[in-house]
Amino acid sequence: MVSSPSPSPDGGKDSNLMRRILVLGFWVQGFRCLPWMAINFFVKDGLNVDPSTLQLLQNSANLPMVGKPLYGVVSDAVYIFGQHRIPYIAIGAFLQAVSWLAIAILSPSGISIFTLSLCLLVSNLGASIAEVANDAIVAGIGKQPTMSPKTSQSSSSGELQSFVWIASSAGGVLGNLLGGIAINRYAPQAMFLIFSLTVALQLFVTITVHESSLNLPKSSSGVGIRKQLSELSVALQKPEIAYSIAWLAASNAIIPALTGTMFFYQTQYLNINSSVLGISKVFGQAAMLLWSIIYNCYLKSVPSKKLIAAIQGVMAVFMLSDLLFVKGVYRNLGVPDSLYVIVFSGLLEVLFFFKILPFNILIAQLCPSGCEGSLMALVASANALSFIVSGYLGVALSSFVGVTGSDFSGFPQALLIQAACTLLPIYWSSCIPDDKQAKTNTKNE
C-alpha cells in the first residue's frame, strides 16, 4: 500500500523541488528528438540505407521500451540507498549520456549498422528507465489526496499530467527547432554531442537531490518484486484496466506505420529541405503543447472514451490527406509541398500521441495504490510494443506494394490501406471505460 506523507511546513518547497525534477526529466524526454532527427539523416546519407532498413532500425531501437513493466516493478520494489525513483532517473541519464557520446566520437567511416544499433538500444534503455521513474512520480503524486477540499483528485492528477506534458512538448519544440537549423550547418555528431552533454547535466542535477526531500508517497517496507508482480496481476484482473490497455495497444499496432517511407519520399523524391522537416516537427511539438493547454482548460470534462475515439478518426482523415498529397492534388491546387509538410505532416506525426494524455489520466484514476510505477510502465510498454509492431507492418506493406528508395508508385495504395486500418479501432472503443466508472473506482480504494 502507499501511505501519503503528512503535511509539513516545507510542503510548498517539496512541491516546487518535485516539479523542477519533473520538468527537467520530461523536458529532456522531449528534447530527445534532437539527436533522433540527426540519426535519420546520418543513416540515410552517411550509411546509404534504403527506406525499409531505416524504418527497421527506427523501430528495433525501441525494443528496450517494451521492458518498461520490468523496470517499473523493480523501481517500485527495489530501493537504492533508501530511494526508488531518483536513482533510476540518474541511471537512465547515465546510460543515455554514454551511448550518445559514443556515437558522437566514433569515426563516421568506421561506424557500422550493428554498432549504431547497439548504441541506440543502450540509449533507449536509459530513456525507458528514466521515463518509468518519472511516470511513477506523476502517478504517485496524482493518487495523493489534495489539501484543498475544492480540488478533486482527478483534477489534481490531470493538472500534473498536463504540466509534465507541457514540459515534454517544450523540449520537443526546442529540440526540433535546433535540429532543423543545425542539420544543414553541422555534422550530425555535433547534435549527438549536444544531447549527450544535456543528459549529463540532468544526471548531475538529479544526483544532488535526495528523494526524501520530494515528499513522495512511500511503499510499505518489505514489499519485494514478487509482491509487486502480484499487485500488478491483481490490477490487470480488473476488466476496465486490462481492456483499456489492450485497446490502446491494438489501436496503434493495427496501423502500418510508413514514417521511413514518407521520410524518403519527402527528402529523396520531393527534395524537401531538411530545415523544412525541422520546422514541421517544431509545428507538431507546438501543436502538442497547445493540445495540453486546451485539454487542461476546456476538455477535461469531455468523456475520455469519446475524446480518444474522435482523435482516432481525425488521424484517419489526415492519412487520407497524405494520399491526396502524394497524388499531387494539393500541388495542383497551388499548395506548396513544403507548406503541406510543415502543417499536415507535422500534425499527423503527433496526432498518434494526442490520445495518450487523456488515456494516461484515465489509467492513473483506475490504478490501484501501490503499483503506480508498474502499471504506468506496462501502459508505456504496450504503447512501445504497438508502435514497433506498427513499424514492422509498415515495412511489410511497403514491400508488398513495391515501394523502394527510387520507386514510389505504390505509395498511394499503402496510404489508403493505412487510413482504413486506422478507422477499425473506433468500432471497439467500448473497451474504454466511462469516466464515472474510473472515478468510482478511485473512491472505493
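Visitor: Is Trp100 buried or exposed?
Guide: The model is a predicted one, in which local features need pLDDT of at least 70, side-chain atom pairs count only at pLDDT 80 or more, and totals for chains, interfaces and linings use all residues. Residues are numbered from 1 along each chain as its sequence is written, and side-chain values use heavy atoms, with hydrogens and water left out. Buried means under 20% relative accessible area, exposed over 50% and partly exposed in between, with a 1.4 Å probe and protein chains only. Because its relative accessibility is 1%, Trp100 counts as buried.

Visitor: How many aromatic pairs does the whole structure hold, and of what kind is the one formed by Trp100 and Phe192?
Guide: Rings of Phe, Tyr and Trp (its six-membered ring) pair if their centres lie within 6.5 Å; planes under 30 degrees apart count as stacked, over 60 as edge-to-face and the rest as tilted. A search of the whole structure finds 23 aromatic pairs. For Trp100 and Phe192 the centres are 5.4 Å apart with 35° between the planes, and the pair is tilted.

Visitor: Which helices does this pair of Trp100 and Phe192 link?
Guide: Helices (H or I, at least four residues) and strands (E, at least two) are DSSP runs, numbered from the N terminus. The two residues are 92 residues apart, so the pair links distant parts of the chain. Phe192 counts as buried, at 0% relative accessibility. Trp100 lies in helix α5 (residues 86-105) and Phe192 in helix α8 (residues 188-207).

Visitor: Why are α5 and α8 called roughly antiparallel?
Guide: Axes are lines fitted to C-alpha atoms, for helices over the stretch in contact, and angles run from 0 to 180 degrees between N-to-C directions. Angles under 35 degrees count as roughly parallel, over 145 as roughly antiparallel, 65 to 115 as roughly perpendicular and the rest as oblique. The axes of α5 and α8 lie 8 Å apart, at an angle of about 160°. That angle is why α5 is roughly antiparallel to α8.

Visitor: How do the residues of the contact of α5 with α8 divide?
Guide: Contact means heavy atoms within 4.5 Å. Ala, Val, Leu, Ile, Met, Phe, Trp, Tyr, Cys and Pro count as nonpolar, Asp, Glu, Lys and Arg as charged, and the others, Gly among them, as polar. The residues include Trp100 of α5 and Phe192 of α8. The division is 17 nonpolar, five polar and no charged.

Visitor: Which residues of α15 and α16 meet?
Guide: All 11 of the 11 residues of helix α16 (residues 356-366) are buried, so α16 is largely enclosed by the rest of the structure. The axes of α15 and α16 come within 6 Å and cross at roughly 10°, and the helices are therefore roughly parallel to each other. Those that meet are Phe352, Phe353 and Phe354 in α15 and Ile356, Leu357 and Pro358 in α16.
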